[in-house]
Amino acid sequence: MVTTTTPGPVLIPQLQCESDVGIDTIPLTSEVSFGSWQRDIPDAYHQLGSEELVTRVRAARAALGDRVVVLGHHYQREDIIQFADERGDSFMLAQYAAERPESEFIVFCGVHFMAEAADILSAPHQQVVLPNMEAGCSMADMAAPGDVRAAWRELEDLFGSGDDIIPVTYMNSAASLKAFCGEHGGVVCTSSNAVEVLEWAFTQGKRVFFFPDQHLGRNTGHAMGVPLEEMTLWNWRLPAGNLGGATPEDLERSRIILWQGHCSVHQRFSTTQIDTAREQYPDAKIVVHPECRYEVVEAADAVGSTAYIAHYVAEAPAGSVIGVGTEINLVSRLAKEHPDKTVFCLDPVVCPCSTMYRVHPAYLAWVMESLAEGRVVNRLVVPEEEQANARIALERMLALRRAGA
Ligand code: SF4
């Protein structure tokens with residue numbers, strides 16, 4: 001159990017983070033944000049404490065056996081992650097489930113776009129269940145399909161509809177955007193293969209339209225040697241017809257057009273936090289996720305995906321001090337798993353991904369007990385046509401991996 005707490009929280013409901021009182025499990029109805037979570041969970045689950053929930057999930061898990069595979073994203077809380085048959089990043093987990101056709105149910109403890117990816121990659125007889133249907137992703141939500149299509153039309157008007165511009169979507173996006181990329185000669189990338197994917201994209205077209213995370217796009221472009229002046233931000237909040245706030249000249253000279261989206265967790269990290277960490281621990285190494293801002297990535301010693309960060313900490317010599325710029329549940333777990341090292345989160349405020357946090361153990365108990373009783377609740381289904389096009393974009397990425405690009 002993670003016991004990190006924030007001393008002396010200021011309890012103003014509107015400003016409160018779910019974890020202002022710590023990231024241990026409390027009854028569902030004691031959660032400050034429960035009002036905006038999935039509400040049709042039966043009342044019987046509302047008041048259950050951590051211990052009882054864990055016991056009940058364990059019993060349902062045992063009853064279901066191999067019929068179910070439980071997946072846990074790295075950012076899930078300990079009371080969830082302990083049930084995961086596999087933990088990892090979203091793409092790795094979706095692939096893991098697809099490789100286990102004996103499991104007819106895939107319970108994906110993560111957020112909406114991850115469960116969608118599992119549904120796209122798994123076999124037709126496998127059913128994907130998302131414990132809390134309100135567990136979305138604020139970054140993915142910043143790229144609404146209608147806004148992306150409207151932006152694409154403006155870009156086509158400017159550049160023509162040939163192969164000049166290639167859409168690339170980050171894994172952290174809706175299935176409909178992956179389908180959009182499949183339809184338009186584009187591709188999906190993850191935080192571990194973004195360089196390889198963009199290199200491929202530049203063999204297909206003159207420029208890339210990258211969404212939804214501006215920071216991953218910018219950091220990747222910079223790592224590839226694309227000057228910052230050749231990356232232009234597209235402000236999706238502006239009404240259509242404004243070229244996303246850019247000028248035709250900005251866009252003409254751009255090699256990467258960046259959707260103005262971000263991860264609310266990773267955008268919290270700052271160079272001031274890195275300076276403070278280095279003052280406190282002069283020998284500290286700093287490792288951050290590429291969803292962090294450009295200047296944070298530049299100030300760090302290393303940058304990489306969640307898998308990279310976990311590997312970085314595991315491989316560091318005993319006695320190392322490592323400041324990490326990623327979600328608190330992963331950082332706390334790494335600290336616990338490597339007691340011979342000092343591992344800490346750069347952000348002093350204990351604020352987990354608020355949407356990942358919505359997968360409260362009460363929801364897991366509900367969906368697992370329902371499955372054990374022969375009822376499927378919270379099944380997530382991607383429409384067939386969307387699946388087909390999204391699979392094209394995912395397959396392009398997988399082909400690059402197979403080719404060792
Ligand atoms: S950590 Fe960021 S990108 Fe990941 S699910 Fe949460 S908001 Fe979305």
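Guide: From strand S7, Arg207, Phe209 and Phe211 point one way and Val208 and Phe210 the other, and all of them are buried, a residue being buried if 20 or more other C-beta atoms lie within 10 Å of its own, exposed if 12 or fewer do, and partly exposed in between, with C-beta atoms placed from the backbone. In a regular strand the side chains alternate between the two faces of the sheet. This is a predicted model, in which local features need pLDDT of at least 70 and side-chain atom pairs count only at pLDDT 80 or more, while totals for chains, interfaces and linings use all residues. Residues are numbered from 1 along each chain as its sequence is written. Helices (H or I, at least four residues) and strands (E, at least two) are DSSP runs, numbered from the N terminus. Since S7 covers residues 207-211 and five of its five residues are buried, the strand is largely enclosed by the rest of the structure.

The pairing of S7 can be followed strand by strand, two strands being paired if DSSP finds at least two bridges between them. Strand S5 (residues 165-170) is joined to S7 by five bridges, and the two run parallel; isoleucine 165 has arginine 207 as its bridge partner in S7, and valine 168 stands opposite phenylalanine 210. S7 also pairs with strand S9 (residues 256-259), in the parallel sense and over three bridges, with phenylalanine 209 opposite isoleucine 257.

Together with helix H7 (residues 175-183), S5 and S6 make a right-handed β-α-β unit; right-handed here means that, with the strands pointing away from the viewer, the path from the first strand over the helix to the second runs clockwise.

Valine 288 stands opposite valine 303 in S11, and the chain crosses from S10 to S11 through helix H12 (residues 294-299) in a β-α-β crossover that is right-handed. Valine 288 also stands opposite glycine 325 in S12.

At the level of the whole chain, the division is into domain 1 (29-136 + 355-374), domain 2 (140-264 + 385-402) and domain 3 (266-345), with bounds that come from an automatic or database domain assignment. The C-alpha centres of domain 1 and domain 2 lie 31 Å apart, and nine residues of domain 1 are in contact with twelve residues of domain 2, contact meaning that the C-beta atoms of two residues, placed from the backbone, lie within 7 Å. On the side of domain 1 that touches domain 2, the elements giving two or more residues are helix H3 (90-98) and helix H4 (112-121), and H4 gives the most, with five residues. By class, that side of domain 1 has five nonpolar, two polar and two charged residues, where Ala, Val, Leu, Ile, Met, Phe, Trp, Tyr, Cys and Pro count as nonpolar, Asp, Glu, Lys and Arg as charged, and the others, Gly among them, as polar.

The ligand belongs with these two domains, since domain 1 and domain 2 both give residues to the shell around the ligand, so it lies between them. The ligand is surrounded by 13 residues, of which the closest are Cys137, Met139, Cys263, Val265 and Cys353; a residue is near a molecule if its C-beta atom, placed from the backbone, lies within 6 Å of it. The residues of this shell divide into eight nonpolar, four polar and one charged.
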